[in-house]
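Some labels for a structure rest on cut-offs. The questions below ask what stands behind a few of them.

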Amino acid sequence: MATQKISHYKKQPHTTKKEQALLKASGITPENLLEQSRLEIIYWFTQLQDARLSNKTLLKEKVDIEKSRNFYMELANKRLESINQNRIEIQKLQDALALLEEELSQLKC
C-alpha cells in the first residue's frame with residue numbers, strides 16, 4: 001500500500017491544493033509518507049543484505065559439496081581400478097589352477 005502511494009507522488013511531484021486537502025483529510029502528511037518511504041527502503045535493504053548473505057553461504061556450500069564429490073569420485077575410481085586388477089589376478093590364478101588340475105589328472109592316468 002505504501003508503494004502505491006509513493007509511486008503516486010513520484011509521478012506527480014507537485015500536488016494540487018485539492019490533493020493536499022485530500023491528504024490532510026485522510027491523515028497522511030508528507031512527513032508520514034517520507035517515514036513510510038524510509039521504512040520501506042530499510043526493509044528492502046535488509047532483504048537485499050539477507051539475500052546476499054544467503055547467496056554467499058550457498059556458494060560456499062556448493063564449493064564444499066563439489067570438493068567432497070570430487071574426492072569420493074576419485075576414491076571410487078581408485079577402488080574400481082583395484083577391483084578390476086584383483087579380477088584379472090583371480091582369472092590368472094583360476095587359469096593356473098585349471099592347468100595344474102589338468103596336469104594332475106594326466107599324471108594319474
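Q: What share of the chain's 109 residues counts as buried?
A: In this predicted model, 6% of the 109 residues count as buried. A residue is called buried under 20% relative accessible area. The accessible surface of the chain comes to about 10200 Å², and carbon and sulfur atoms hold 61% of that surface.

Q: Why is Trp44 called exposed?
A: The relative accessibility of Trp44 is 51%. The label exposed needs a value over 50%, so Trp44 counts as exposed.

Q: Why is Tyr43 called partly exposed?
A: Its relative accessible area is 44%. Partly exposed lies between the buried limit of 20% and the exposed limit of 50%, therefore Tyr43 is partly exposed.

Q: What makes Tyr43 and Trp44 an edge-to-face aromatic pair?
A: The ring centres of Tyr43 and Trp44 are 4.9 Å apart, with 80° between the planes. Rings pair if their centres lie within 6.5 Å, and planes over 60 degrees apart count as edge-to-face. Phe71 and Tyr72 also form an edge-to-face pair, at 4.9 Å centre to centre and 80° between the planes. The count by this rule comes to 2 aromatic pairs.

Q: Why is Gln20 called partly exposed, and where is Gln20 placed?
A: Gln20 has a relative accessible area of 41%, and the label covers values between 20% and 50%. Gln20 is in helix 2, residues 17–26. The chain has 3 helices and 0 strands, in the pattern α-α-α along the sequence.

How values were computed:
Residues numbered from 1 in each chain as written. Predicted model: local features only at pLDDT ≥ 70, side-chain atom pairs only at ≥ 80, totals over all residues. Heavy atoms only, no water. Phe/Tyr/Trp six-rings, centres within 6.5 Å; stacked < 30°, edge-to-face > 60°. Buried < 20%, exposed > 50% of the residue type's maximum accessible area, 1.4 Å probe, protein only. Helix = DSSP H or I, 4+ residues; strand = E, 2+ residues; numbered from the N terminus. Areas by Shrake-Rupley, 256 points an atom, 1.4 Å probe, with all protein chains shown as cover.
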